[in-house]
Amino acid sequence: MMNLRFIDADQLMDGITLVADDLGLTMAETADVTVTVIAEESAILSVDLKGDRATIRYGGGRAVFFRGLARLCRWIEDGVKEGDFTETPCFDNVDSMVDMSRNAVMNVPTVKLLLRKMALMGMNSFMLYTEDTYEVEGHPYFGYMRGRYTAKEIREMDAYAIKLGIELIPCIQTLSHLATHLRWAAAAPYKSTDKTMMPGVEATYAFIEDMVKAVADSFTSRRLHIGMDEAHDLINGRLLKERGLADPAQVYFDHLERVTEITRRYGFKAMFWSDMIFRIYGNGGGDYGQGTVLPEDVREHLPKGVQPVFWDYYHAQKAFYSENIVKHFQLSDEPVFAGGIWMWSGHVPLFSWSLKYSIAALEACREEGVREVVATVWHNRSESCLILSLAGMAWYADYAYRGSYDEDGVRETFACATGACYDDFIKTEFPDELVPPYVCRSTALLYNDPLLGLVDKHIEGVDTATSYTNALAQLEGQGEGAYAPAFEVMRQLATVLIRKADFGIRLKKAYDEHNRQTLELMRDECAGITADIVALHKAHRTAWMTYNKPQGWEPHDIRYGGLEARMDTVCERLTAYLNGEIACIEELEEERLPYRGKDGDTLFSVWDSYGPLVTANLLTT
């Protein structure tokens, strides 16, 4: 532990107390180093260390100070006696947005952990993405059995964030992305389709007012993200039945106006995902299609002061981002950009892809004058441990202060803030690195049925056993403290796939060749694979219960339980065949075909499809 004494830091002491354990510091009059704190009016960070005296100058909010404190503490811990640096942030706000709605709802201690680490990186806003995972008075089915946050929990997280200089921003949905609530009969008065509310009816706006009132009562921030994205079924469903074929632009802009009217009454400045505007005017070009031409008067259709949020997680070309940022300045003088840390593709974070896309976007944002950037961390009902996203947040934080991407700088920022090794976190993507040119998803191979082998065609000839053995070796001994459960999931995943990834291919080959000896060995192998799956199941459950509320885990019990049951069926079918009880194994008689009907396809096309991976039949009625 290092002993520091702070001068002129009274306004920061509540936050310093929160991060003291993270940084390994104590505070006393007799100190190893005396730290003088100087608040500046402009956004700047300057740290100077000379022996037992240090100065931190900061402007732009408390989080800037905490970034400087983290670096200073690392110097002292490493025995550095003299050092100095100055950084001028190129963005006013560097935010993260974490998905608390796709089954995983982080528990309060995990959110507090993220907030501390974000502050020590210098990030100053945290968007709490909650579709129906917060309480709304008078609506008991809103977030029912979903692990929703209570108002008390939100206030607790909000107060904690304020001490660290982080604005906790509510991020909700006021049009679509509400399937988990609209499933209930109680939502019928304002339901249009399975996931989208009915625009233009008073029941919808009464409900939205209740939503806005709920977050207004719980959050200190008066910035509100109202969602409004991906309402691709906007003019279908009940709206189509009651009004006929409506003009999507009119419907969308009228709804946006009504929603922002409500938010203004509660003192909120609203922001919204902008993709629907680009879809409306894009002539089928998809999200932010490069052929989209916005009308010259498009800003007149938007409520005054509302901020469009341009999101994209899929392009590596700076020119793509620059072009769309320019278009966003047609909508507003203060657009926001949101990039992605790929945590939604299964168990494994895809850091390489995320980094490539994020840096291209951040370069464009800096050059085009965007003042706020967001690192989004979506879950999309996948299996990933979102705590690992801290490595990606470090890219955004470090870029904001340096004005460029510097890998060594990212390592330093990450180590100072988290006490962990950046490269260890990056290694957690190794289970998804098979032999090029395959774009493989380990989750697809995990759930791939061992008898049906719907994705087997795509890994023929790939040495998956060696790949996953190497991944496991890279992950051995990695991940400590709060991060240990997440790393254990990655290790257990690699362990399962050493034998399971190509199990179906080996089984089909042995069956086609009438190789009884190999089939007998594979029957015995089933027990070992099942034991590995059980170990993964337990490790993942431990991680989930460590980081999240328990609600939302049940789909994973069903998935792992299904895997365990299928391996038992494989063993039984092989035993019956080898004992002559059945003449053939009908599932293995069938030819293996490419998943999408073409040999050159990759597993990328099925990574997000649990049901279609495990069966060619229906899971639902």
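## Helices, parallel strands and aromatic contacts in a predicted model

Helix α6 (residues 202–218) contains 17 residues and reaches 25 Å from its first C-alpha to its last, close to the 24 Å expected at 1.5 Å a residue. The structure described here is a predicted model. The buried residues of α6 are T204, Y205, F207, I208, M211, V212, A214, V215, A216 and S218. These buried residues pack against α4, β9, α5 (179–182), β10 (223–225) and α8 (248–265).

Strand β9 covers residues 167–171 and is mostly covered, with four of its five residues buried. Its link to strand β8 (residues 125–129) consists of five bridges, and the two strands run parallel. Within this pairing, F126 has L168 of β9 as its bridge partner. The chain passes from β8 to β9 by way of helix α4 (residues 151–163), and this β-α-β crossover is right-handed. A further pair is formed by M127, which stands opposite I169 in β9.

Strand β8 is itself mostly covered, since five of its five residues are buried. In a regular strand the side chains alternate between the two faces of the sheet. Both faces of β8 are covered: S125, M127 and Y129 lie on one side, F126 and L128 lie on the other, and all are buried.

Strand β8 also pairs with strand β7 (residues 93–99), to which five bridges join it in a parallel arrangement. In this pairing D95 stands opposite S125 in β8. A right-handed β-α-β unit is made by β7, helix α3 (residues 108–121) and β8.

The loop between α4 and β9 contains G165. With a relative accessibility of 22%, G165 counts as partly exposed. Leaving aside neighbours within four places in sequence, G165 is in contact with R62, A63 and N124. G165 and L239 are 74 residues apart in sequence, and their C-alpha atoms are 44 Å apart in space.

Helix α11 (residues 351–368) holds both W353 and Y357. At 1.5 Å a residue, the 18 residues of α11 should span 26 Å, and the end C-alpha atoms are 25 Å apart, which agrees. The buried residues of this helix are F351, S354, L355, Y357, S358, I359, A360, A361, L362, E363, A364 and C365. What covers them includes α10, β13 (336–340), β14 (372–377), α12 (390–402) and α14 (422–426). Just after α11, G369 takes a positive phi of about 90 degrees.

A316 lies in the loop between β12 (307–311) and α10 (318–331). Not counting residues up to four places away in sequence, A316 touches K356, Y357 and A360. A316 and I359, a residue of α11 that is buried, are 43 residues apart in sequence and 8.2 Å apart in space, C-alpha to C-alpha.

| Residue | Relative accessibility | Class |
|---|---|---|
| W353 | 23% | partly exposed |
| Y357 | 12% | buried |
| A316 | 33% | partly exposed |

The cut-off for a buried residue is under 20% relative accessible area. At 12%, Y357 is therefore buried, whereas W353 is partly exposed at 23%.

### Aromatic rings and charges

A pair of aromatic rings is described by the distance of the centres and the angle of the planes. The count comes to 38 aromatic pairs in this model. In the pair formed by W353 and Y357, the ring centres are 6.5 Å apart and the planes stand at 65 degrees, so the pair is edge-to-face. The two residues are four residues apart in α11, about one turn of the helix. An α-helix has 3.6 residues a turn, so residues three or four places apart point the same way.

Arginine residues also lie over aromatic rings. R71 lies over the face of F85, at 4.0 Å from the ring centre. R559 lies over the face of Y610, at 4.5 Å from the ring centre.

Technical notes
Residues are numbered from 1 along each chain as its sequence is written. This is a predicted model: local features need pLDDT of at least 70, side-chain atom pairs count only at pLDDT 80 or more; totals for chains, interfaces and linings use all residues. Side-chain values use heavy atoms; hydrogens and water are left out. Buried means under 20% relative accessible area, exposed over 50%, partly exposed in between (1.4 Å probe, protein chains only). Two strands pair if DSSP finds at least two bridges between them. A crossover is right-handed if, with the strands pointing away from the viewer, the path from the first strand over the helix to the second runs clockwise. Rings of Phe, Tyr and Trp (its six-membered ring) pair if their centres lie within 6.5 Å; planes under 30 degrees apart count as stacked, over 60 as edge-to-face and the rest as tilted. A charge sits over a ring if NZ of Lys or CZ of Arg is within 6 Å of the ring centre and within 35 degrees of the ring normal. Contact means heavy atoms within 4.5 Å. The expected span of a helix is 1.5 Å times one less than its number of residues.
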